[in-house]
Amino acid sequence: MARIRSKKILIIGAGPTQVGRDTESEAAAIQIIKNFAEAGRNLYYVTNDANSIIPQLKYDVEFLVDDLTVNSLIQILRENDIDIILPVVGNTVALQLCEQLNESEVLKELNIRTMGVTTTTIHNINNPELMNKVLRHIKEPTIPTTVVETANSAIKFAKRVGFPVLIKPIASLTKTNRIKCDNEHQLVEMLEPAFKVSTTNQIAVEKSVVGYKEVEMTVIRDAEGSKLLINGAENFNPIGVHSGDSIIFSPTQTLTDIEFQSLRTAALKIAEVLKIKGVCHVQFALDPTDGKHFVTRVNPFFDRTSAFAARATGYPIANVVSKILLGQSLREIELSGVQKHDSLALIEPAMDHVAVRFPTWSFASFKNADQELNTKMKSTGAVMSFGRSAEEALQKAIRSVDSTTTAEQAALDESELSEAQLINVLIHARAGEVYYLLEALRRGYTVDELAEMTHIDAFYFYKLRHLVKLERQLREHHFDADVLKEAKYFGFGDTQIAHLWEVRSDQVREFRIKQAKVFATYKGVEPTAGEFPYLTNTYYSTFEDEDEAIRTVGKKILVLGTANSQVGTNSAAEYTTFQTIKRCQDLGYKVILINNNPNALTFVPDLADKVYLEPLTVENCLNIIHQEKPDKIVAQGKWEIVSQLVLRGVEIDQLPLSRTTRSENIDADYMAVVSEINGQANLFGIIGINDENMFVPIEASPKIKRQFKAVVMEECKNLTANGIYSIILRKNDDLLEVSSSVPMAIQDLPFLSYVLNQDFAGMITEIILTGAFQIKNYPMMGAKYRYAHVYPYDQFGIKQPQNTPFSLAIGAKFLSN
Amino acid sequence: MADRYLILEDGSVFKGKAFGSRATTFGEVVFNTVMTGYQQVITNQIYHNQIIVFSQPTIGAVGIDRSSYESVDPTCKGVIVRDVAAVSINRRRRLSLDEYLKRQNIPGISGIDTRALIKKLRSTGTIKGSIIDPVNDLEHAFDQLRAIVLTNQQVNQVSTPKAFPNPGNGKNVVVVDLGLKYGILRQLSQRDCNVTVLPYSATADSIFSLDPDGVIISTGPGNPNDLPAQVIEMIQTVQRNIPLFAIGLGHEAFAIANGCSINELSSEHHGSNHPILSVITDEIMYASHGQGFTVDPESVDRNDLIVTHYDLIDRSVQGLRHRDFPAFSVQFFPDSSPGPNEATELFDEFMEMMTTRGGR
């Protein structure tokens, strides 16, 4: 029999992390690649994300570094003889590239097909007008919109679809925003100036859905057309605030069954008409007055919504989708956790907890940025949490936010706000809005007033009001066991209670445990809401009767995760934690992870042996340490939570990595990467740093190398602690001078690991845990790669300053030569 | 809110807070995993004599909606939940869940570790429970709970005593009320049917005298083996003559009428998350379930009946069709409310059946 050449599959990555895209794409890539590689598929993965973890995985995949442009892709397709493109990992980037490839006819020429989403669907999704047509065909309404050339037709349209409408001049002479017109009078007034600035004398008119509820449905469909709803999630903020900047609750909290089912049906119908094989997230605007909906977005790929859906429900979306893409039907796929029955991949997840995703901003570092929340996403990361009530889940989410990213909120004393300032925030939502809403309730605003002003459903204000009431009880009753118990039940943290009691948090903890006997209990996260016995490895805390978490047996280590992505360490921190976990397992430890970023790489199923999806606070860490009694605890570098725990006598192995930044070497010329282990120094390589602070591995003559080596080895004698270091060098005429030696910066680690062909994160983990490491020398990858940091200035609409510090980077990308 | 206790036959005690009525209540404790539609669940007559535990931790957030009743006088014995939400009253919702349950004299208890309770029920199977005020003598309360005998005449208690019409201009349909869920009437209204609802005691003759195009045997509470023999006989006669669609308890009765035996489930199944395979179209669908009993697949006489639907999770029989007569049945609730609505097309099938068979 003739051997059939195995089809070559190209997976397009999403590129570097930035505002709007965290590590969810990479997390999906890891799982897809694992499943595909295990099935023996011939894989290629292309990205320009310098923090990509894929090259470090031991899976059989060709890692290609290239610009994510249509021209580079065409070259890749030709050179590698690609047969199939998988565009569902790389977010909108991959979808747009596929559309361009299709337009260029190269797919037809090379006889390449796409997997998961057809080129027709990609074409429709990239062309709103076509998409509207498709949706109209299945009677799924999209937001009515038109282009008019006269005031009369604008008025006619507005009357037909109903006020308010949004108008925007087309091909405007000046930068213009969309203007909201609430009635005919306003519209007439606004039309004239709008026509004036349009060079084509045209205006786009659109029905305004500002103030509608925003709801997200995540569904899965297989090639046979079997499909199910994985999760419905509801935005706290109504339409008008980008859903990436809104707090999100799952399950939906304020939808009637009729509303919910109509959205579920619509999402499934859309997946069907688009012939999706895999995951599809459909976003809706829901009119709170009559329950009618509009489709606002269709994402037939892995995104932050599907990542949250997987975490919230415990349903392994990426693994199931991998199997669908490999040709299995949903009827054939089993979920590994279930202890009874079969065909469980078809079970629609039911939840017996509330999951919350909470955005985190970095405005403390970008003071000039406009903090008002609107349709442009501004958050730089997210946390999530679980609770057994909306109050508890929300409070835990707020506590999950790292103190450095809440600096702006911590600095804010709401009680100092003037009434006018407060009202301004109520009307124009801004980062950290929920703190202002709580303050408004403290000042006696009523639920219905606030619901009216903010268009946020009254349900949430009843919940917030409940928190304010509990807060008042705590203030009035210090060290009262019943009040404490009630407060813990609805999610108050020890530190929060300490603040209200005006004592130290340790005093609260001691009273809680010794006097009040109020203890955290842990519940499993699984997709059947307790209906079936289910083996899960993910837990969250609450304060109820039953504790399901059983202490891990064997040699075990607790890994403190990286929490929300933040500027500075960004996705490199998650990368490092991922590799730390793997190395701990190689060293024979069972890994217990605490983390709370819904997009985290480290939440990939089958990585950590046990996961506590919990806020990284002293209280939670101490509780988990008490629960699990780990042999060791490991954390990256020095940061707030680590020092707080150390202060309380917890022994933590701290990976000597710089979490903040390598010293901002404006006049550095080279960086030498060395290890120092028990007096033995080793030079891994020399990296050139050019004027734009880009890194370029250099190829040097033996003579120069010797010169480097001599200087570097001399410097190593000054390094006393074991670790991996960056030695920063300056060229002074012909002389090399050491300007500083610092532990390797986390944000450089992924790139350096790649170009120097080492697993520095694993190495440093082993050095710290075992006190030793056998250096193996691998050949360097060559001088091909350069890298640069990615900053969020564009998204914030502010100008990037000269010599931007690395501590403000949100991601990192490979640069083409 | 006042303290209340939930006690179970097996001796366990859960402490919680009162909502709804403060009456003392007894019933079988069953859990439901739907995530929306608590009102439809609570007002479904299948829960006669039962106390419902919701796995969804927060209910009450959308109050009571005037268009979402599944019966006017709900007969469930209680509601158990982790948390009850307060709501603003508006034109669409004039009542909060709390207020509604007070008016209906149905007690609720919140603040319960419902996940722990559900895991327990999963292993004990359906057991009796009671929601009570704090008492000094818990033993006495347990004695009372153990002594209570729940009626098996549930259909008699929930079925309409008198016939009533639900007029329309289209097909003439008789609905036999074993504990009717209004979703069925809504589906028929949407198809403009002219409906007459008859008590469960309706005879085949009284049905024929209305000259219907089709007959629906409704959902209802309790054990199908406790149904009066005359209901089974009525089905046996009607199915030979008129298109018949049986749902829930009606499906179980239809199965008995055609020689099947019925097994009691070790743990009742209430929720809308199980995939159902439609054998004929080979498609997967979802619908809400509420069953304590199931057709014994071994007992299905394949000469008479075709199994049309399976639950793919537990492989239970979910639908039957008669080979010779225009009659079919489903275990699940095809009318949705609450739950997914893809199974509503079974009502279209019923309409078609009435058109082809009736020829008018």
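I count two residues as in contact if their C-beta atoms, placed from the backbone, lie within 7 Å. The model I am reading is predicted.

**Entry 1: the annotated residue**

I looked up the UniProt record first. Its unreviewed entry lists Asp335(B) under "active site". Next I asked where Asp335(B) sits in chain B. I found Asp335(B) in the loop between β23 (327-330) and α10 (345-358).

Is Asp335(B) buried or exposed? I took 20 or more other C-beta atoms within 10 Å as the mark of a buried residue. Asp335(B) has 25 C-beta neighbours inside 10 Å, so I noted Asp335(B) as buried.

Then I listed the contacts of Asp335(B), leaving aside neighbours within four places in sequence. They are Lys181(B), Gly183(B), Ile184(B), Arg186(B), Gln187(B) and Thr344(B).

**Entry 2: the domains of chain B**

I turned to the domain assignment. Chain B is given domain 1 (3-150) and domain 2 (155-358). I noted 27 Å between the centres of the two domains, taken over C-alpha atoms.

How many residues does each domain of chain B bring to the contact? Domain 1 brings 24 residues, and domain 2 brings 25 residues.

**Entry 3: the domain 1 side**

I looked at which elements of chain B build the side of domain 1 that touches domain 2. β3 (25-32), α1 (38-42) and α3 (114-124) each supply at least two residues. The largest share, 3 residues, comes from β3(B).

Last, I sorted the residues on this side of domain 1 of chain B by kind. I got 8 nonpolar, 14 polar and 2 charged.

Technical notes. Residues numbered from 1 in each chain as written. Chains lettered and ligands numbered in written order. Predicted model: local features only at pLDDT ≥ 70, side-chain atom pairs only at ≥ 80, totals over all residues. UniProt positions renumbered as here; feature names shortened; annotations may be inferred. Helix = DSSP H or I, 4+ residues; strand = E, 2+ residues; numbered from the N terminus. Buried ≥ 20, exposed ≤ 12 C-beta atoms within 10 Å, placed from the backbone. Domains from an automatic or database assignment. Nonpolar A, V, L, I, M, F, W, Y, C, P; charged D, E, K, R; others polar.
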